[in-house]
Amino acid sequence: MTTKIQESGNQLIASFTGRLDTAAAVTTTEAVKPLLEAANKEIILDCSELEYISSSGLRIFLSIRKEAVAHGSKVVVRSINADIRQVFVMTGFISLFEIQ
């Protein structure tokens, strides 16, 4: 699992590659700290190369959203595959995030 963060204007784009499972959650939590520290910017979570997300991964996404909303910003989840979309639907996350 890898996470890359880049800044583009007033946006932070986090790109996830691989499986965001329980084992990867610890390193991913560390990797997304810059998103939490700059939550006043729009945050894009690019999931085009994310293969799987566990409940631990969902918690990470939720913590990012919570911090962004507290700072008057938003989080957009981009390019989720059908399996991850199904997880978002079943958990109610589909209504918490703007999905593109």
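**Helix packing and salt bridges in the predicted model**

Arg 59 is located in helix α3, which spans residues 55-70, in a model that is predicted. With a relative accessibility of 52%, Arg 59 is classed as exposed. The side chain of Arg 59 makes a polar contact of 3.2 Å with that of Ser 56. The C-alpha atom of Arg 59 lies 9.1 Å from that of Ala 25, a residue 34 positions away along the chain.

Ala 25 is one of the buried residues of helix α1 (residues 22-31), together with Ala 24 and Thr 28. Viewed down the axis of α1, these buried residues fall within an arc of 115° and therefore line one face of the helix. Ala 23, Val 26 and Thr 27, on the other side of α1, are exposed. The cover over the buried residues of α1 includes β1 (2-8), β2 (11-20) and α3.

The structure contains 4 salt bridges. In one of them, Glu 7 pairs with Lys 41, with the closest N and O atoms 2.0 Å apart. This pair connects strand β1, which holds Glu 7, to the loop between α2 (33-37) and β3 (42-53), which holds Lys 41, across 34 residues. Glu 7 is exposed at 52% relative accessible area, whereas Lys 41 is buried at 17%.

Glu 42, Lys 74 and Glu 98 form a network of salt bridges. Lys 74 pairs with Glu 42 at a closest N and O separation of 3.7 Å; Lys 74 is in the loop between α3 and β4 (75-78) and Glu 42 in strand β3, 32 residues apart. Lys 74 also meets Glu 98 in a salt bridge of 3.0 Å, N to O. Because Glu 98 belongs to strand β5 (residues 98-99), this pair ties together parts 24 residues apart in sequence. Both Lys 74, at 39% relative accessibility, and Glu 98, at 35%, are partly exposed.

How values were computed
Residues are numbered from 1 along each chain as its sequence is written. This is a predicted model: local features need pLDDT of at least 70, side-chain atom pairs count only at pLDDT 80 or more; totals for chains, interfaces and linings use all residues. Side-chain values use heavy atoms; hydrogens and water are left out. Helices (H or I, at least four residues) and strands (E, at least two) are DSSP runs, numbered from the N terminus. Buried means under 20% relative accessible area, exposed over 50%, partly exposed in between (1.4 Å probe, protein chains only). A polar contact is a pair of N or O atoms within 3.5 Å; within protein, one must be able to donate a hydrogen and the other to accept it, and residues adjacent in sequence count only if both atoms are side-chain atoms. The arc is that of the directions from the helix axis to the C-beta atoms. Contact means heavy atoms within 4.5 Å. A salt bridge is a side-chain nitrogen of Lys or Arg within 4 Å of a carboxyl oxygen of Asp or Glu.
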